[in-house]
Amino acid sequence: MVRTVSDFILEMRGITKTFPGVKALENVNLQVKEGEIHALCGENGAGKSTLMKVLSGVYPHGSYEGDILFKGEVCEFKDIKQSESLGIVIIHQELALIPYLSIAENIFLGNEQTKRGIINWNETTVKTRELLATVGLKESPNTHVISIGVGKQQLVEIAKALSKQVKLLILDEPTAALNEDDSENLLNLILELKKQGISSIIISHKLNEIEKIADSITILRDGKTIQTLDMQEDQVTEDVIIKGMVGRDLTHRYPERVPNIGEKIFEVQNWQVDHPEQEGRKMLDNINIHIQRGEIVGVAGLMGAGRTELAMSIFGKSYGKNIQGKLLLHGREIQLNDISTAIQHGIAYVTEDRKDYGLVLIDDIKRNISLANLGKLSRRGVINESEEVLVAEEYRQKLKIKTPSILQKTVNLSGGNQQKVVLSKWIYAQPEILILDEPTRGIDVGAKYEIYSIVNQLADEGKGILFISSELPELLGMCDRIYVMSEGRITGEVNREDATQEVLMKSMTRGRG
Amino acid sequence: MHTISELFKKNIRQYGMNIALVFKKNIRQYGMIIALVFITILFQILTDGILLKPLNVTNLILQNSYILVLAIGMVLVIITGHIDLSVGSIAAFIGALSAIMMVEMQLPPFLAVIIALGVGALIGAWQGFWIAYVRIPAFIVTLAGMLLFRGLTMIILGGQSIAPFPNSFQKISSGFLPDWFGGEGIHILTIVLGVILSLLVIWKEWKERKTQIKYNFETAPMWIFIAKVASLVAVVNVFTYVLATYKGIPNILVILFVLIVIYSFVMNRMIAGRHIYALGGNEKAAKLSGVKTKKVTFWVFVNMGAMAALSGLIFAARLNSATPKAGTNFELDAIAACFIGGASASGGIGTVIGAIIGGLVMGVMNNGMSLIGLGVDWQQGIKGLVLLLAVAFDIYNKSKTN
């Protein structure tokens, strides 16, 4: 074993990893100091996840070039088990918990507390209680994971990592699915763990979070290390990070647009929706909103405020029961009893969850783009496939979908490009009203800008846009008018000029009273 | 601004690259064709040339027709991500029902066949209702159907076989196209049909090439095009020649051919087919894109019911009797054919042609193993291993491309 003296807990030196035809990582260096929180930033596809897979042994030693030194010792991991045994634990973006097992069973899954091969449940429970206390989760160890929210599930994942004597905790987009409160909690927990001497690597697109908790930062771009900075000494700001990530100054995070707002085209009146399973539980109550031609209307709200439920209940009643109220398109009442009727009336809904609800991942780009408007491509039910190729090519160019071919399966695209495919599908459906639900979630800064430009262009073409987002700066930067929702009701309506984060936040946290 | 055609010229090179990609993607199907050819040659040698004798080729078609019909319906079910275990029992039930209508009630065969297909579709609708609208897993609904319709078969037959069927009904499975040209020793109509089919193949390929050129898509070099068309024409004509030296084209082959053409067209070129694939690939996304997922699922099972009925009729006609044990294990053969032919158990992937090739692989093996005198015990075991290996090969391929 080679030993070198250093204060780094982890050093990755000259890591190069190639896939057939692509150099995913090229001579990447990453140095994490003992006991620090190290942020890893970069656009989607910059190589962050690949680097972490190399580190954890998902890509075993020999499949990459370069050295990994953990606590000064050269490591050659063959699989995750080996890296975990040294205390390197990854928590992936998509949580790896088993829904119908209890918290305790999940925490000790694969690491069961046994005596002669028989599980010692008492010890399991006691240890789980200790771990839950450490992460500040007040739940019984016997609670099924499915019955707790995403925020708490994230804490269970961390407890699981702690049970493995973690020395270096890697968090991949830990707050992507969390609301503000839960995010805050989680970040504080990471700071708490730091005090106990646990180092962390945090991958995040949320630059404000990085600014808040990270001690140093490494920026990757196109599979290369751009720079490693000390947050304090180098006075790192969001702008510095963005510049490093995209390789240019992004003076405007939101593209310029002169709104050209016309008449009222869509209106929702006295909208009421009950929970689909729980009898009599009102999820949306007395919602009145409208959208004008060429207008981008924001919808702000905390998680659970009912924004997605509102969008889906409008979109062909795809959510909820006992739906009451009126929908008016150009002043005429319309009934949207199923999704295809909604599409025919010119309503489109870009879902929050691209992978589960937006794309057929095993199908190619072309088939995904045409799916919602096959009628336009066909005569008597027979699809004109040549025309379909032309359409897909057109959107690939128009929306700058980065792919070698429209025959590429969408599962192989990055988040930003997947979102562009979903947008293409809905633009091709030629809607008048476009409902966008968290259109930039999990997308890197550069691609976000492109998505914003597309949205602006759609508004300029005279479409009405309902823009649902959890990121307040995004709403402020993009929208002409913003509705605020809380507990299933509209608690505020703010014009662009009057909107500030404080104003919105006040309405967002307004309860039923 | 680029015009579309400029845009294409820019991308032509990329489309060229895609030919390799397309081949890689379809390696599963080419692989299956290669496997089919290999198995055929193997048994041709092992059986001293009996396998491809005109009589045996005709037999092969007759023996496997009812499984192939089921496989066409089954591959749709599997693409939607479901399964149907009841088709063997439905086939038996419809066979029994048709016997009662034709033998006991003396209904004209034509009418009886129409009613039987209608009842099959109704049975499919019954199962489709529970699966699509009540959302009970297809495995359970059709397992219940398997027991239910086997039971009903035994009830209406009273445990007895019913025979014989009217002559005209038997012709479905045992008849051949008449030779209008009155050939001696060789069935001239069959040869003529082979030539007509060849012309159709040439016309269709040429038309496709012209469309590709019209839209400025990458086309294969002329010599590859000619080689491809020539080999297709050769296969068609050798096949019809072999059949012509025996009794010509069996009626059942005409039915099968029409079904394959129609279903391939629907699955590849029509909205309905696209919706079935999308539903199987991601039900939620398909639904939110306007696909009426429940309706599609429902109709796929209605279709399966009708196909199972057709299969039952073909089998009854071939056996010239309706028996309580008819159709046993048909569902397993049909499901195996789909999976050998490249369908994915998780849905969204599979083709009609693939299922047919998978069915033929099984059929040639059955026939070949019987010819060389291998017992049923060995046949079962070997078929099981082939199924496992085919799917293992599939999964290995997928992991390699990812």
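Predicted model: local features only at pLDDT ≥ 70, side-chain atom pairs only at ≥ 80, totals over all residues.

Me: Which strands stand at the edges of the open sheet of 6 strands in chain A?
Reply: The sheet has mixed pairing, and its order is β18-β21-β22-β15-β23-β24 (chain A). From one strand to the next, the twist averages 20°. Two strands have a single partner each, so one side of each is left without a neighbour in the sheet; these are β18 (347-350) and β24 (489-495) of chain A.

Me: Which residue of β22(A) does L436(A) stand opposite?
Reply: Strands β21 (residues 433-437) and β22 (residues 464-468) of chain A run parallel and are joined by 5 bridges. Across this pair, the residue opposite L436(A) is F467(A).

Me: At what angle to β22(A) does helix α15 of chain A run?
Reply: Helix α15 of chain A comprises residues 445-460. This helix lies across β15, β21 and β22 of chain A. Its direction relative to β22(A) is about 150°.

Me: Which element gives the largest share of the side of chain B that touches chain A?
Reply: On this side, 29 residues of chain B are in contact with 31 residues of chain A. At least two residues each are supplied by α1 (4-25), α11 (271-281) and α12 (283-288) of chain B. The largest share is 7 residues, and it comes from α1(B).

Methods:
Residues numbered from 1 in each chain as written. Chains lettered and ligands numbered in written order. Pairing = 2+ DSSP bridges. Helix = DSSP H or I, 4+ residues; strand = E, 2+ residues; numbered from the N terminus. Axes fitted to C-alpha atoms, helices over the stretch in contact; angles between N-to-C directions. Contact = placed C-beta atoms within 7 Å.
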